[in-house]
Amino acid sequence: MIEIILFLVFMSCGFIFGQLAEKRHFKSIVEREQQLNSLPVVASRYPPEDTAYHQQLVSGSVVVASDYFKSFTAGLINIFGGVVTPFESLLDRGRREAILRMKAEAGKLNAELVFNVKLETTRIATGRAGAIEVLAYGTAMLPVDAGRANAINSSSANDLSAIDSAPVASGSVPRR
Amino acid sequence: MLISNLEILPDHRIVRHLGLVQGSSVRSKHVGRDIMASIKNIFGGELQGYTELLHESREEATERLIQQAQGIGANAVLNVRYSTSSIAAGAAEIFVYGTAVELAQRD
């Protein structure tokens with residue numbers, strides 16, 4: 001009896017708070033995506049050749065948990081097979097959030113674009129339900145002037161070495 | 001030390017290839033955090049404790065990668081990749097690897 005009550009409580013908690021959290025999260029994601037829209041994120045492997053840039057690795061990561069309701073519905077869908085929509089939205093939130101955090105870090109460095117972006121998703125085991133970690137990383141291309149300003153101000157672990165802070169005038173990279 | 005996930009750098013020449021360098025780190029949070037995380041799993045939402053944990057872990061792995069690269073006389077690590085695997089409940093391994101190279105400015 002107690003188990004049934006607990007189950008119902010967990011289900012309704014998961015449904016109400018989970019949906020609420022998801023709605024709020026999506027709203028903030030859309031807002032921030034609009035703010036950071038001017039910073040392009042590219043998956044191309046080769047940097048542009050016509051402009052001078054400094055570069056620095058930037059990353060963003062997030063761990064999002066599934067709620068009880070999502071996990072249970074996903075379990076039900078799993079019996080019959082088909083599209084597991086509850087988890088699709090969870091993964092979508094995670095990916096977009098990770099990219100946004102990476103963009104925010106690149107934006108702080110005054111980067112003009114982020115190159116060679118890779119996304120990685122891992123399932124983090126927390127009890128019976130799931131949580132996922134999404135990591136987005138890429139190379140931020142900083143305009144030479146902003147890069148120098150950052151090299152002076154930067155006290156982070158990713159400090160720019162002599163090579164990195166030397167002005168880079170591209171143009172002679174062989175096309176592949 | 002320049003860390004980049006690009007394979008070639010504009011206006012730099014690779015003088016020497018020094019091979020693969022790597023760094024890894026396995027970390028976990030204390031039980032309190034794990035319990036909080038499992039409660040949060042009913043309600044859904046971000047698990048900030050774990051976000052933080054993986055971030056720290058990634059920094060440490062990168063630090064080890066840099067140390068290894070410095071040890072063999074590299075001044076840059078190119079084509080860096082991260083990978084994460086959860087090895088037990090509440091513990092994750094972060095692995096980072098890349099190619100250590102010696103770069104010189106192209107004239």
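Analyst: One term before we start: two strands pair if DSSP finds at least two bridges between them. Helices (H or I, at least four residues) and strands (E, at least two) are DSSP runs, numbered from the N terminus. The model is predicted, so local features need pLDDT of at least 70 and side-chain atom pairs count only at pLDDT 80 or more, while totals for chains, interfaces and linings use all residues. Residues are numbered from 1 along each chain as its sequence is written, and chains are lettered from A and ligands numbered from 1 in the order in which they are written.

User: OK, chain B. In what sense do β1(B) and β4(B) pair?

Analyst: Parallel, over two bridges. B:L2 stands opposite B:A76, and B:I3 stands opposite B:V77.

User: And β4(B) with β5(B), parallel or antiparallel?

Analyst: Antiparallel, over 10 bridges. B:T84 in that pairing faces B:I94 of β5(B).

User: What strand order does the sheet have?

Analyst: The order is β1-β4-β5-β2 in chain B, an open sheet of four strands with mixed pairing. β1 and β2 (12-28) are the edge strands, each pairing on one side only.

User: Which strands does α2(B) touch?

Analyst: It packs on the sheet and touches β1, β2, β4 and β5 of chain B; contact here requires C-beta atoms, placed from the backbone, within 7 Å. The direction of α2(B) makes about 140 degrees with that of β2(B). Axes are lines fitted to C-alpha atoms, for helices over the stretch in contact, and angles run from 0 to 180 degrees between N-to-C directions.

User: Which residues of α2(B) are buried?

Analyst: The buried ones are B:Y50, B:L53, B:L54, B:S57, B:R58, B:A61, B:T62, B:L65, B:I66 and B:A69. Buried means 20 or more other C-beta atoms within 10 Å of the residue's own, exposed means 12 or fewer, and partly exposed is in between, with C-beta atoms placed from the backbone. As a general point, an α-helix has 3.6 residues a turn, so residues three or four places apart point the same way. After α2(B) comes B:G73, with a positive phi near 85 degrees.

User: Switching to the interface. How many residues of each chain are in contact?

Analyst: 40 residues of chain B contact 50 residues of chain A. On the chain B side, elements giving two or more residues include α1 (31-43), β3 (45-46) and α2 (48-71). β4(B) gives the most, with seven residues. By class, that side has 18 nonpolar, 15 polar and seven charged residues. Ala, Val, Leu, Ile, Met, Phe, Trp, Tyr, Cys and Pro count as nonpolar, Asp, Glu, Lys and Arg as charged, and the others, Gly among them, as polar.

User: Which strand of chain A is joined to β3(B)?

Analyst: β1 (residues 53-65) of chain A, by two bridges, running antiparallel. A:A65 stands opposite B:G45 there.

User: Now chain A. What is its secondary structure?

Analyst: Five helices and three strands, in the order α-β-α-α-β-β-α-α from the N terminus. Of its 176 residues, 36% are buried.

User: At what angle do α2 and α3 of chain A pack?

Analyst: About 130 degrees, with the axes 8 Å apart. They are therefore oblique: under 35 degrees counts as roughly parallel, over 145 as roughly antiparallel, 65 to 115 as roughly perpendicular, and the rest as oblique. A:K70, A:T73 and A:A74 of α2(A) meet A:P86, A:F87 and A:L90 of α3(A). That contact has four nonpolar, one polar and one charged residues.

User: Which residues of α2(A) are buried?

Analyst: A:Y68, A:F69, A:K70 and A:S71. They pack against α1 (2-35), α3 and β3 (130-143) of chain A, together with α1 of chain B. Just after α2(A), A:G81 has a positive phi of about 80 degrees.

User: Last one: where is A:Y46?

Analyst: In the loop between α1 and β1 of chain A. A:Y46 is partly exposed, with 15 other C-beta atoms within 10 Å. A:V30 is 16 residues from A:Y46 in sequence and 29 Å away in space, C-alpha to C-alpha.

Conventions: Contact = placed C-beta atoms within 7 Å.
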